[in-house]
Amino acid sequence: MENKNIPYKIYLDEADMPQAWYNLRADMKNKPVPLLNPGTGKPMTAAELGGVFCDELVQQELDNDTPFIPIPEEIRGFYKMYRPSPLVRAYCLEKALNTPAKIYYKFEGNNTSGSHKLNSAIAQAYYAKKQGLKGVTTETGAGQWGTALSMACAYLGLDCKVFMVKVSYEQKPFRREVMRTYGASVTPSPSMETEVGRRILAEYPGTTGSLGCAISEAVEVATTNPGYRYVLGSVLNQVLLHQSVIGLETKAALDKYGVKPDIIIGCAGGGSNLGGLIAPFMGEKLRGEADYRFIAVEPASCPSFTRGVYAYDFCDTGKICPLAKMYTLGSGFIPSPNHAGGLRFHGMSSVLSQLYHDGYMEARAVEQTSVFEAAEQFARIEGILPAPESSHAIRAAIDEAVRCRETGEAKTILFGLTGTGYFDLTAYQAFNDGKMTDYIPTDEELAQSIATLPKVPGME
């Protein structure tokens, strides 16, 4: 029974924090298919993956069966600096929209990185330190992941090398400086510092970059420098595992007041925050214990779910990473330089792709100006300046609440507010000045990119 006296912000005690991450794959009837070695077309072994990723993270990546994986005490201790994060009832937004819907959002911006990314950054840095490594390399789009990883590495005394998508490097200099303040080196990607970067620049002169480009460079540096491994802020199974703390805390807070959401919404780029938010709720759906409507919201400029194909593809533009089966626009797809930097990836998590393919989720693509209209409306009403990525979820949540007003249905809506937008003011300036535009790739552009998908033996 729902408690009518629900506070504006619902906080859990430290003692209520999750003791273990939830592995959604354990409850999936159709497991995500394995990563493939691009040279042999065979599933990647732990030994092969160990040349790129930390050993214990490889085991998490390959584990499709263990439902709960204990969170090491050292990581839980770090989490306590900013977790549990608040679950907020958006009373002001409900009133402004004059909707019978009840709206909740899980706010992940209460840390210096400004986003949910720190949940996985500290875990991956911890396992690198435990393995005795010197440092890690990574890519970052909007800069949230790079910021989070630089914080985690500073805390643990690890070297951190970040390749930042060039357009974001130029649009968001202050996020870059936060990374440098925490001791990370930050390189605009593609760069002349790596072989793959030079190759990409030769093929795409003047490119503004993409996450796929930055991944290629980070992997090359990790695999050619002893004592380093590559870490990734989204897409991978291990990342969705770590981010399950979001959903576990959210469900515990809702259960505390007898609230069951009808609609759960998350922005979707690679899948980390969406997968983390929905994990325990999707688990209930998969086990037949409850039903929910899940909505993934992506930018119309990079619509991997809504206009991509479900196929094996490279996770990077330089084609040096393993092949993953996912909804993809093709690894050579270079998105327009829109302001949702963290959603500028050509593919999607294999876990979420499988769930979407099996009909457990729906997806929609929204245009940039519409997203910033929702962001501005939310900021003025709820008092938080949201990140552009999060604002995709806000757009869909507002639309669903308005639909409830029109139909008279009192649905309960939950969305993920993944972070703050204080380092994204260049984007807000473009919107406020009326200079923001919408770009939607043509069918011909997508077809050209998708046509370059690798030919996998037995998968044609």
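Angles between axes that are under 35 degrees count as roughly parallel, those over 145 as roughly antiparallel, those from 65 to 115 as roughly perpendicular, and the rest as oblique. This is a predicted model, in which local features need pLDDT of at least 70 and side-chain atom pairs count only at pLDDT 80 or more, whereas totals for chains, interfaces and linings use all residues. Residues are numbered from 1 along each chain as its sequence is written, and side-chain values use heavy atoms, with hydrogens and water left out.

**View 1. The crossing of helices α16 and α17.** Helices (H or I, at least four residues) and strands (E, at least two) are DSSP runs, numbered from the N terminus. Two packed helices are described by the angle between their axes and the distance between the axes. Here the axes of α16 (residues 368-382) and α17 (residues 388-407) cross at roughly 85 degrees and come within 8 Å, the axes being lines fitted to C-alpha atoms, for helices over the stretch in contact, with angles that run from 0 to 180 degrees between N-to-C directions. The two helices α16 and α17 are therefore roughly perpendicular to each other. On the α16 side the contact is made by S370, V371, F372, E373, A374, A375, Q377 and F378, and on the α17 side by P388, S391, H392, I394, R395 and I398, where contact means heavy atoms within 4.5 Å.

View 2. K117 lies in the loop between β5 (102-107) and α5 (118-130). Although K117 is buried, it has no salt bridge, and the nearest side chain of opposite charge, that of E139, is 7.1 Å away. Buried means under 20% relative accessible area, exposed means over 50%, and partly exposed lies in between (1.4 Å probe, protein chains only); Lys and Arg count as positive and Asp and Glu as negative, while His and the chain ends are not counted. A salt bridge is a side-chain nitrogen of Lys or Arg within 4 Å of a carboxyl oxygen of Asp or Glu. A polar atom of the K117 side chain lies 3.1 Å from the backbone oxygen of G233, and a polar contact of 3.3 Å joins the side chains of K117 and S272. A polar contact is a pair of N or O atoms within 3.5 Å; within protein, one must be able to donate a hydrogen and the other to accept it, and residues adjacent in sequence count only if both atoms are side-chain atoms. When neighbours within four places in sequence are left aside, the residues in contact with K117 are Q144, W145, A148, G233, S234, Q243 and S272.

View 3. The peptide bond from R83 to P84 is cis, with omega near 0 degrees, and P84 has its place in the loop between α3 (73-79) and β4 (87-89). The bond from S189 to P190 is also cis, with omega near 5 degrees, and P190 is in the loop between β8 (185-189) and α9 (195-203). N98, in the loop between α4 (91-97) and β5, has a positive phi of about 50 degrees although it is not a glycine, and N98 is exposed, with a relative accessible area of 59%. V235, in the loop between β9 (228-230) and α11 (237-242), has a phi near 70 degrees, a positive value in a residue other than glycine, and V235 is buried at a relative accessible area of 10%.

**View 4. I264 in strand β10.** I264 is found in strand β10 (residues 263-267) and counts as buried, at 0% relative accessibility. Not counting residues up to four places away in sequence, I264 touches L277, I278, F281, Y292, R293, F294, I295 and L414.

**View 5. Selected salt bridges.** The count of salt bridges comes to 24. One of them joins the side chains of R89 and E94 (2.6 Å, N to O); R89 counts as buried at 8% relative accessibility, and E94 is buried with a relative accessible area of 9%. Another salt bridge is formed by the side chains of E284 and K251 (3.2 Å, N to O). E284 lies in helix α13 (residues 272-286) and K251 in helix α12 (residues 244-256), so this pair ties together parts that are 33 residues apart in sequence. R293, E362, R364, E400 and R403 are linked in a network of salt bridges.
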